[in-house]
Amino acid sequence: MRFNTKTIHAGLAPDPSTGAIMTPIFQTSTYVQNAPGDHKGYEYGRTQNPTRDALQKNLAALENGKYALCYSTGLGAIDAVIKTLNPGDEVLSTNDLYGGTYRLFVKVFEKYGIKFSFINMSNASEVEQHITSKTKLLWVETPTNPMMNIIDIAAISEIGKKHHVLVCVDNTFASPYLQNPLDLGADLVMHSLTKYISGHSDVVMGALITSNEKLHEELKFIQNATGATPGPQDCFLVLRGIKTLHVRMQRHCENGAAVAHFLTAHPAIDKVYWCGLTSHPNHEIAKKQMRDFGGMISFTFKNDTMETALAFLKKIELFALAESLGGVESLVGHPASMTHASIPREERLKNGLTDALIRLSVGIEDIEDLLEDLQQALKN
Ligand code: P1T
């Protein structure tokens with residue numbers, strides 16, 4: 001099956017008891033057993049659920065992996081990955097990443113004796129020199145949030161293999177429509193399903209996908225033992241959203257390109273961060289590992305002050321001021337005060353995340369309406 005067909009069919013079959021074409025929402029906390037241990041493969045709602053199973057099969061297929069596990073949030077999925085580590089282990093992570101991931105690493109897991117270092121992974125050859133005998137995980141986010149840096153997944157995976165260090169890629173910004181990290185050598189893929197995959201801003205959920213059976217079994221144990229599992233209704237919503245992932249992503253990419261080129265040409269704009277621009281420092285890597293460039297864009301103003309950013313945010317109308325991304329509707333965010341407020345200012349500035357940086361999640365509305373809105377908000 002090819003990708004577009006997989007979004008609609010992979011892992012799914014009509015319900016055997018009724019013929020229902022849509023996967024039923026199995027809203028049940030437990031399952032009746034004939035005798036102790038004599039059951040149909042389902043014992044308790046935290047452990048197994050048929051709606052969740054269908055979604056997990058579908059996600060595994062989309063990422064060309066053997067196994068997938070779903071979590072109640074994207075952070076729940078990341079939390080499960082770090083719980084495979086032990087005190088004394090070290091993690092090397094991208095220096096630009098979602099603020100909530102940074103907060104989970106530094107504010108929660110460091111106190112359990114796991115050490116995190118945040119480095120510039122855009123130059124893959126530099127990563128190797130930071131690996132020690134204690135390094136157990138390379139945490140990659142690409143494109144990064146919110147600076148849109150691109151990390152060479154194949155190069156990092158090769159380094160991981162050479163040093164027997166696990167490589168996990170947060171593929172949230174790209175979605176499996178644009179890139180498949182497992183095909184490039186990564187061990188594990190993480191998604192915030194909240195974003196492009198569900199696509200309608202109506203659910204919060206996460207997933208992990210791998211082809212490594214031992215890793216899958218360990219993660220599955222943690223999924224059940226720690227309990228951050230999603231409800232069946234949310235699994236249904238994600239499954240429904242996935243059926244249009246390919247058509248939505250195509251439009252996100254088209255609109256993203258138009259907005260990025262519009263901003264690049266606008267006299268009030270200083271820098272535009274979008275990996276599809278030939279001027280983007282990692283454009284060649286993006287071209288190599290992604291099938292298109294997506295709809296996430298950040299930019300700064302020539303007059304790079306908080307006042308300029310606030311004036312712009314006050315005037316913009318169609319782009320809604322909100323956290324999150326990847327839904328059909330366009331969103332605008334101010335990372336310094338919203339999604340990345342948990343990262344110390346000096347750390348943010350080191351990575352170019354200025355106080356006035358604006359992040360756009362370009363939706364799938366008519367592009368003329370989006371450009372007109374940006375035009376009026378950038379006047380004066
Ligand atoms: O929100 P949640 O489903 O728990 O996913 C966390 C997460 C993980 N990884 C990346 C790259 C993310 O962007 C996120 C969530 N991000 C936002 C809410 C945001 O507005 O950037």
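## Domain interface, buried residues and salt bridges

The side of domain 1 that touches domain 2 draws at least two residues from each of α1 (3–9), α4 (99–109), α6 (153–163), α7 (175–178) and α9 (232–242). Helix α4 gives the largest share of that side, 5 residues. By class, the side of domain 1 that touches domain 2 holds 23 nonpolar, 18 polar and 5 charged residues. Here Ala, Val, Leu, Ile, Met, Phe, Trp, Tyr, Cys and Pro count as nonpolar, Asp, Glu, Lys and Arg as charged, and the others, Gly among them, as polar. Helices (H or I, at least four residues) are DSSP runs, numbered from the N terminus.

The model is predicted: local features need pLDDT of at least 70, side-chain atom pairs count only at pLDDT 80 or more, and totals for chains, interfaces and linings use all residues. Residues are numbered from 1 along each chain as its sequence is written, and side-chain values use heavy atoms, with hydrogens and water left out.

### The two domains

The domain assignment gives domain 1 (3–242) and domain 2 (245–378). Such bounds come from an automatic or database domain assignment. The contact takes 46 residues from domain 1 and 43 residues from domain 2. Contact means heavy atoms within 4.5 Å. Taken over C-alpha atoms, the centres of domain 1 and domain 2 are 26 Å apart.

How much area do domain 1 and domain 2 bury between them? The figure is about 3500 Å², with 58% of it on carbon and sulfur atoms. M147, L178 and Y196 supply 23% of the area that domain 1 buries against domain 2, more than any other three residues. Buried area is the accessible area (1.4 Å probe) that two parts lose on being put together, summed over both.

Charge pairing between the domains is counted separately. Between domain 1 and domain 2 there is 1 salt bridge. A salt bridge is a side-chain nitrogen of Lys or Arg within 4 Å of a carboxyl oxygen of Asp or Glu. D152 forms a salt bridge with K288, and their closest N and O atoms are 2.9 Å apart.

### Two buried residues

T101 lies in helix α4. T101 counts as buried because its relative accessibility is 0%. Buried means under 20% relative accessible area, exposed over 50%, and partly exposed in between (1.4 Å probe, protein chains only). Not counting residues up to four places away in sequence, T101 touches L75, I78, W139 and E141.

L219 sits in helix α8 (residues 213–226). At 1% relative accessibility, L219 is buried too. Leaving aside neighbours within four places in sequence, L219 contacts L69, Y71, A80, V81, T84, L188 and L208. L219 and L208 are 11 residues apart in sequence, and their C-alpha atoms are 8.6 Å apart in space.

### Salt bridges

The structure holds 10 salt bridges.

What does the E128 and K162 pair tie together? E128 lies in helix α5 (residues 124–128) and K162 in helix α6, so the pair ties together parts that are 34 residues apart in sequence. E128 is partly exposed at 27% relative accessibility. K162 is exposed at 56%.

E254 and R251 are 3 residues apart in helix α10 (residues 245–265), so about one helical turn separates them. E254 is partly exposed, with a relative accessibility of 45%. R251 is partly exposed at 33% relative accessible area.

E284 and K287 both lie in helix α11 (residues 283–289), 3 residues apart, about one turn of the helix. E284 is exposed at 53% relative accessible area, while K287 is partly exposed at 46%. Elsewhere, salt bridges that share partners join R345, R348 and D355 into one network.
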